[in-house]
Amino acid sequence: MSDPTLQAADEAAGPARRAPLRFRSSEGMATRIVVAVVLSLLCAAALVALSGHSPLAAFGAMIVGAVGSPHQIGVALNRTTPYLLAGSGVAMCFRAGIINIGAEGQIAMGGVGAAAVALAWPSGASELTVVASLLGGAAAGAIWAALATAIHLGRRVHEVLATLLLNFVALLLVQQALAGPLGQFGAGFLQSPEFPKAAWLWRIPDFGAHVGFVIAILAAIGLSVLLWRTPFGFSLRVAGSSRPAAAYAGFSLPAITWGVMLLSGALAGLAGGIEVLGVHHRLIEGFSLGFGFKAVTVALLGALEPLAVAPAALFVGLLEAGSLSMQRQIGVPSALVVVIEGVTMLFILAATVRRA
Amino acid sequence: MIDFLAAAIRIATPLLFAALGGILSERAGVFAVGLEGMMLMGAFAAVVGAWASDSALIGILLALLGGAAIGLVVALVAVRHRADNMVTGLTANILALGLTSYLLRVLAGGGRPIAIHLSPLAAWRVPVLADLPVIGPLLFVQPPLTYVAALGCVALHLFLRRTQAGLTLRATGENPEAVFASGVEPMRVRLLAVVACGAIAGLGGAVLSLQQVGTFTDGMTGGRGYLALASLIVARWNPLAAAAACLVFGAAEAFELRLQGFGVPVSSYIVQMVPYLIALAVLAGLGRSTKLPAAIGQPLQRDR
């Protein structure tokens, strides 16, 4: 680091010395993850026993609730969608060594953007309405990420703080939008009017799912191709491994940061848009609560490969879809799944992921 | 005016506890993103402890333990197993949110959360001082944990500046190799610092639940742990400056309550953004002069 060029380049790269998130070794990864899941399910079983119910009955009800019928599977896939979309975007940031924890706010803004377009669309709506609304969501998410990036790069504020603080501003902006321009007057609580039918995301017939899941899978595949097969993906991987090396190779670190932040912001915004257009058909206060933070933990598994986010997101989606029927049928509080999610990710963090 | 300042102090107290804990953790070199979960667990343990034992003191002790438990989780995963600090902290927050919501319902024996209503901790009048004009009612008629926060702030300042242990802790955040060379195991320092951070932040949670409302609701910390994180960075890891930053945030929120009271036509949501915007503006204003502890977030070698 004595070379002044390198030092200047590193300075330009950002405030803190950084190292990418890495797995200790990719060998035995699958085994470790399976062990982590099993251990956390054992913890969950102990908690269920504490509540005086049978763990087997609770898990059984959860499985039936998640995959018991085509409709239930559809619900689980809908639940998976925001985690997969936002999580694979965040994973790209991780890959570039940028800790973006702003998905929570970007998803919320995506919901606002999509709702604004859907409600403002002139009557005589067509298929274009949905597409335009989704684009509105993606744009809003990207704008929110751009704001964080500008503060981070322009003023050297650590990206964790810039993205984190903007999350809270975004959540309040959703409430403000619902109390003002987008709100339904006299609804009793904060929500927008129902969107016109043309703005509803298409549902897959005879199946509870909307097409959001397909979009999410395509996006994850696209990101994988982007990461492994394009010059941008290469520059991103180099920057993630070593910032000085990336600067020395002539890659512009601010450009990489902008690119990957806008990309993940747009994906998170799209996730928010899909949630309001596909599930609620209106903007509701707190529609995205916790999605973004969980997407960040889900994205950990994608520190290696964007497609690896898919099974993690599916795990979370299935758990959450199954949790309600577990609560209804057995009486075990559905908050149990949040514990399972937290414990699983902590075990995986402890067992595999390192800062190199 | 005195009411307004008193409200600012009241709102600042839980933030200050969390910020003090966070300063310990970050000065030792571990990002304190888990403050939110530590506070939440402390808030939960305080109310359940006080409710079950009928003693506020037991509640406060349990808040220390509850916060420390989340601190221990963060310490084991992020320090011992060298995982990324930020993501570990976020995940610990998710765990605390799930665990408190779950246990609250299990305690009720059904799907509905148990309803606990305790009377909030009463204010203690400090003899003589409470009779001073203006500052008497403002500073010396406060609930007990507020005094603890003020004393803790000064104590932490002296600990960091004036004691050997404080020097070792700061050195662990700047140059762990030097600490190792001096014969102290830096990993042990970090583990202890993060667990202590949890206990102190847990007290902050107890302020929210036990001292202010007397009940626990799901996710009742509502982002205050993150705000405390911002305030300790704005304060550049200095306990006294952190107190000032927390008071500014407290004043902003007290001002918001006031505005609503007077029916001023400003949206409360916009006003609620003010603390976060202040934090962003100050951080942006500090710009590159914000100097993180040099070794923060860097994992320690094991098996040397």
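I began with helix α11 of chain B, whose buried residues pack against α1 (2–27), α6 (144–162), α10 (224–234), α12 (268–272) and α13 (274–286) of chain B. I note that the model is predicted.

I then listed what is buried in α11(B): P239(B), A242(B), A243(B), A245(B), C246(B), F249(B), G250(B), A252(B), A254(B), E256(B) and L259(B). For the pattern I kept in mind that residues three or four places apart in an α-helix point the same way, because there are 3.6 residues a turn.

I checked the length next. At the start of α11(B), I found a side-chain oxygen of N238(B) within 2.9 Å of the backbone nitrogen of L240(B).

I moved on to the contact between the chains. Chain A brings 52 residues to it and chain B 50 residues. The buried area comes to about 4400 Å², with 79% of it from carbon and sulfur atoms. L165(A), L172(A) and L346(A) supply 14% of what chain A buries against chain B, more than any other three residues.

The rule finds 0 salt bridges and 2 residue pairs in polar contact.

Last, I looked at the side of chain A that touches chain B. Elements giving two or more residues to this side include α2 (29–50), α6 (128–155) and α14 (336–351) of chain A. The most comes from α7(A), with 13 residues. I sorted the residues of this side into 37 nonpolar, 8 polar and 7 charged.

How values were computed. Residues numbered from 1 in each chain as written. Chains lettered and ligands numbered in written order. Predicted model: local features only at pLDDT ≥ 70, side-chain atom pairs only at ≥ 80, totals over all residues. Heavy atoms only, no water. Buried < 20%, exposed > 50% of the residue type's maximum accessible area, 1.4 Å probe, protein only. Helix = DSSP H or I, 4+ residues; strand = E, 2+ residues; numbered from the N terminus. Contact = heavy atoms within 4.5 Å. Polar contact = N/O pair within 3.5 Å; in protein donor to acceptor, adjacent residues only side chain to side chain. Buried area = accessible area lost by both parts, 1.4 Å probe. Salt bridge = Lys/Arg side-chain N within 4 Å of Asp/Glu carboxyl O. Nonpolar A, V, L, I, M, F, W, Y, C, P; charged D, E, K, R; others polar.
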